[in-house]
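Reader: Pick one part of this model and take me through it closely. Then show me what else is worth a look.

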Amino acid sequence: MFRPGPGSGHENSGVVGTLIPVRFMWPHGGTRVLLSGSFSGWLEHMPMSPLEGCPNVFQIICRLPPGSHQYKFCVDGEWHHVEEQPYVSGNYGVVNTVLVPAEPNTMVFTASIPEIPGNMEVDDVILRPDAAAQISEAVLGVSRQRISVFLSTHTVYELLPESGKVISLDVNLPVKQAFHILYEQGVPVAPLWDFCRGQFVGVLTALDFILILRELGTNGSNLTEEELETHTIAAWKEGKTVLNRQIEGNGFTHPKPFVHAGPYDSMKEVALKILQNKVATVPIINSASPDGSFPQLLHLASLSGILKCICRHFKYSSSSLPILQQPISSIRLGTWVPPIGQSNGRPFAMLRPNASLGSALSLLVQAEVSSIPIVDDNDSLVDIYSRSDITALAKDRVYAQRQLEEMSIHQALQLGQDANPSYGFNGQRCQMCLRSDPLHKVMERLTNPGVRRLIIVEAGSKRVEGIISLSDVFRFLLGV
């Protein structure tokens, strides 16, 4: 049991004359809840009041000097901390922490505000259900700078697992065989090896198969299903360059450069490469020779792996990053469904389960997104369709037997469920969050394997309100 006492744990370095209101919240019920902290030398036990409309939530607002503070809750005689908020282990056991910025006329929230009816006045501070704490530009700048320093001083070598496998494909492999290999291995992407040149030259992704299937279904296409037996990856890449050519002023075409990195490149460099080139992964390649010969493929770096390092590094010092405690509704992050009658700067794509697979694939390409929410007539989330789901069509050569416009999204998703029991809605593939969730919680969910986007849903109804992607999070954290 934790017993408060005087002394350590108070790390305030601010000016005592400047006091900032801080709203403390205990969201797990109880009969009598008290707050104690380093700001009172752990001597004072301050009673907390139930939140109107939320009897299991207790709150209190204290005015504290800028700096880092520790606190804990006494609930019916037992000491506890809130696991959803930043915490550390110290002389008084596990305690929560909060960083109070030296910003006048601001208010610090140690937790997101639950949805409650009406407005509420507490200690002359008006709290409204949608009035999430707005973080100041100064505090945001400090948080971004600390993340930038961490990513700049850590290399992608730290992303390498102790053991594992990385699939690579020879460019002379037939496209059809490559399609089946990725399906059987359960991977959506593979680096390409050119034996004649003795180097890695590119990456085969789920997008390639989407474009191939769309080409197969196009009248007058030069590519037939039979030709996939002999049509090599290299030949497809040449055709893709013409198909998706980038025209310069002189009218000539040029292929996209092969994006890769070395094991001692910084995490920030690799993250920026992924964002700037709009790719899902970057192959990490090492060569002991000065001329780059005899390269070794070590790993496929992704934003998910880099984000996992950020979460792990700041897990016990997240009070140094105030933005991690902010609810996602209060920060400029992700794409949100616009209110009725208003336009949105960024397109928001959703489809019904009975929509054709062809329309889903076209939307994935045109909107340049990795997945699309599948919703019912009430816009409630049913499932998602991702680029990587395309490999499920390799099962029993379904792609050769059905036209894309004849197959519904529901039927396409059923193929994946038949091949993998954990594929469906209750598996790891369909990840959701609420607008009240703090940023650190969203980041942790995005580190789950295979998750590149979180669907923001309304509590209870699961009505889709928005989407947050890995790219959104990194652009926000890096300020790019």
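Author: Start with burial: a residue is buried under 20% relative accessible area, exposed over 50% and partly exposed in between, with a 1.4 Å probe and protein chains only. The model is predicted, and local features need pLDDT of at least 70, side-chain atom pairs count only at pLDDT 80 or more, while totals for chains, interfaces and linings use all residues. Residues are numbered from 1 along each chain as its sequence is written, and side-chain values use heavy atoms, with hydrogens and water left out.

The part to look at is β23, residues 464-469. Helices (H or I, at least four residues) and strands (E, at least two) are DSSP runs, numbered from the N terminus. β23 is mostly covered, with six of its six residues buried. E465 belongs to this strand. Its relative accessible area is 11%, so E465 is buried.

What does E465 pair with? Side chains of opposite charge can pair when their charged atoms come close. E465 forms a salt bridge with R435, and the closest N and O atoms are 3.3 Å apart. A salt bridge here is a side-chain nitrogen of Lys or Arg within 4 Å of a carboxyl oxygen of Asp or Glu. R435 lies in the loop between β21 (432-433) and α10 (439-446), so the pair ties together parts that are 30 residues apart in sequence. R435 counts as partly exposed, at 28% relative accessibility.

R435, E458, R463 and E465 are linked in a network of salt bridges. E458 and R463 meet at 3.3 Å, N to O. E458 is partly exposed at 29%. R463 is partly exposed too, at 31%. A further salt bridge joins R445 and D437, at 3.5 Å, N to O. There D437 is buried at 7%, whereas R445 is partly exposed at 24%. The whole structure has seven salt bridges.

Now the strand partners. Two strands pair if DSSP finds at least two bridges between them. β22 (residues 453-457) runs antiparallel to β23, joined by five bridges. In one of them, R453 is partnered by S469 of β23. β22 and β23 form a hairpin with six residues between them. G460 sits in that turn and has a positive phi of about 95 degrees. β18 also pairs with β23, antiparallel, over two bridges. There I467 of β23 is the bridge partner of T335.

Rings of Phe, Tyr and Trp (its six-membered ring) pair if their centres lie within 6.5 Å; planes under 30 degrees apart count as stacked, over 60 as edge-to-face and the rest as tilted. This rule gives nine aromatic pairs. F150 and F314 have ring centres 5.8 Å apart and planes at 70 degrees, so they are edge-to-face. F150 is in helix α1 (residues 137-152), F314 in the loop between α6 (303-313) and β18 (335-336), and 164 residues separate them. Both are covered: F150 is buried at 6%, and F314 is buried at 7%.

Y157 and Y264 also have ring centres 5.8 Å apart, but their planes meet at 15 degrees, so this pair is stacked. Y157 is in the loop between α1 and β13, Y264 in the loop between α4 (233-243) and α5 (267-277), 107 residues apart. Y157 is partly exposed at 45%. Y264 is exposed at 62%. Elsewhere, F24, W26, F39, Y71 and F73 form one aromatic cluster.

Back to α1. The helix has 16 residues and reaches 22 Å from first C-alpha to last, close to the 22 Å expected. The expected span is 1.5 Å times one less than the number of residues. Its buried residues are V139, L140, S143, I147, S148, F150 and L151. Those residues pack against α5, α6 and α11 (470-478), with contact meaning heavy atoms within 4.5 Å. The charged end of R144 sits over the ring of F476, 5.1 Å from its centre. That label needs NZ of Lys or CZ of Arg within 6 Å of the ring centre and within 35 degrees of the ring normal.

One more sheet. Three strands make an open sheet in the order β13-β14-β15, with mixed pairing. β13 (169-170) and β15 (199-205) are at the edges with a single partner each, so one side of each is left without a neighbour in the sheet. β14 (residues 189-194) and β15 run antiparallel over six bridges. D194 has Q199 of β15 as its bridge partner.
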